[in-house]
Amino acid sequence: MNVSVALLPDEIDPQLDLTRCCVAVIDVLRATSVMSTAGKAGALDIVTYASSEEARRMAKQSEVPSLLCGERHCIKIEGFDLGNSPSEYTTEQVTGKRVIMTTTNGTAAIAKSQTAGEMICVSLLNFSASVKELSGHESVCIVCAGTNGRISSEDVLLAGGLVDALKVRDQETGLDDSARIAWALWQQSVGTGKPDASRIVEELRRSQGGRNLQAIGHGDDIAVCSQIDSVEGIIRRVSSNPPTFRYQAADAKR
Ligand code: MLT
């Protein structure tokens, strides 16, 4: 198994044939955590757009009950139904509805990975379910969304957790340098063995994304996004144009 980590979407290895990879997009704070939460809460599907104008347009045209969701500068976009806090995505809000979503970095990372053969969106919330899915692939590319073009440690941390759990230890052939950097961060911050949620919360509070959220009064979302394995299913891309995702429960067949 080969695991490549892109610390930012623009750092995807140009030598890599993404069409042969399963891409795991990560935006721990908070886009992929929201997607995990919305999926578990019963959203019909989640359709992502890089631009808010396109998301608005598609919401108007939607033939199924839809929610227009997302943020800019971590704050709900004017006129949208929901922002980007996982706690907004309750069963009452989302069951049976299409979540049309645009965020600053998360949905942009999805758009930049569009040629992926397969794609899942990963958060700490659905960590083990995602590891199980990725372990069935020969080539995995983990794409960290980052924050406004800069590397953010919360995404790198989860990338390192995936590397650790996938148990690819042959550094000569199986891991690229970014994957080794991410793995080192995970080992240093969380250690090895069963991840300790309290250490993860501390690390996330110190991260750039965590500091941004605390600065605008959304610090409570950090603990919510740290609840490792609270979601048992994966967020799988089911069609690529526009990128559309569905929740797949752990015991469901593809
Ligand atoms: C993003 O996609 O940029 C983030 O999810 C920002 C946020 O936390 O609202």
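In this predicted model, a polar side-chain atom of Thr103 comes to 2.6 Å from an oxygen atom of the ligand. Asn84 likewise contributes a polar side-chain atom, placed 2.9 Å from an oxygen atom of the ligand, whereas Gly106 takes part through its backbone, a polar atom of which is 2.7 Å from a ligand oxygen. Of the 270 Å² of accessible area that the ligand has on its own, the protein covers 96%.

| Residue | Part of the residue | Distance to a ligand oxygen atom |
|---|---|---|
| Thr103 | polar side-chain atom | 2.6 Å |
| Gly106 | polar backbone atom | 2.7 Å |
| Asn84 | polar side-chain atom | 2.9 Å |

The ligand sits in the largest pocket, and the residues that surround it are Asp27, Leu29, Arg30, Ala31, Glu71, Cys74, Asn84, Thr103, Thr104, Asn105 and Gly106. Sorted by class, this shell consists of three nonpolar, five polar and three charged residues.

Two members of the shell, Leu29 and Arg30, are also joined to each other by a cis peptide bond, for which omega is near 10°. Arg30 belongs to the loop that runs between S2 and helix H1 (31–40). A cis peptide bond also connects Asn241 to Pro242, with omega about 0°, and Pro242 is located in the loop between strand S9 (234–240) and strand S10 (243–248). His73, which is found in the loop between strand S4 (66–72) and strand S5 (75–76), has a positive phi near 55° although this residue is not a glycine. As a point of reference for these backbone values, most residues other than glycine have a negative phi, and most peptide bonds are trans.

Key. Residues are numbered from 1 along each chain as its sequence is written. This is a predicted model: local features need pLDDT of at least 70, side-chain atom pairs count only at pLDDT 80 or more; totals for chains, interfaces and linings use all residues. Side-chain values use heavy atoms; hydrogens and water are left out. A residue is near a molecule or strand if one of its heavy atoms lies within 4 Å of it. A polar contact is a pair of N or O atoms within 3.5 Å; within protein, one must be able to donate a hydrogen and the other to accept it, and residues adjacent in sequence count only if both atoms are side-chain atoms. Accessible areas come from the Shrake-Rupley method with a 1.4 Å probe; for residues, only the protein chains shown count as cover. On a 1 Å grid over the protein atoms alone, a cavity is a set of points where a 1.4 Å probe fits but cannot get out, and a pocket is an open set with protein on both sides within 12 Å along at least five of seven lines; lining residues have an atom within 4 Å of a point. A molecule sits in a cavity or pocket if more than half of its atoms lie within 2 Å of its grid points. Ala, Val, Leu, Ile, Met, Phe, Trp, Tyr, Cys and Pro count as nonpolar, Asp, Glu, Lys and Arg as charged, and the others, Gly among them, as polar. Helices (H or I, at least four residues) and strands (E, at least two) are DSSP runs, numbered from the N terminus.
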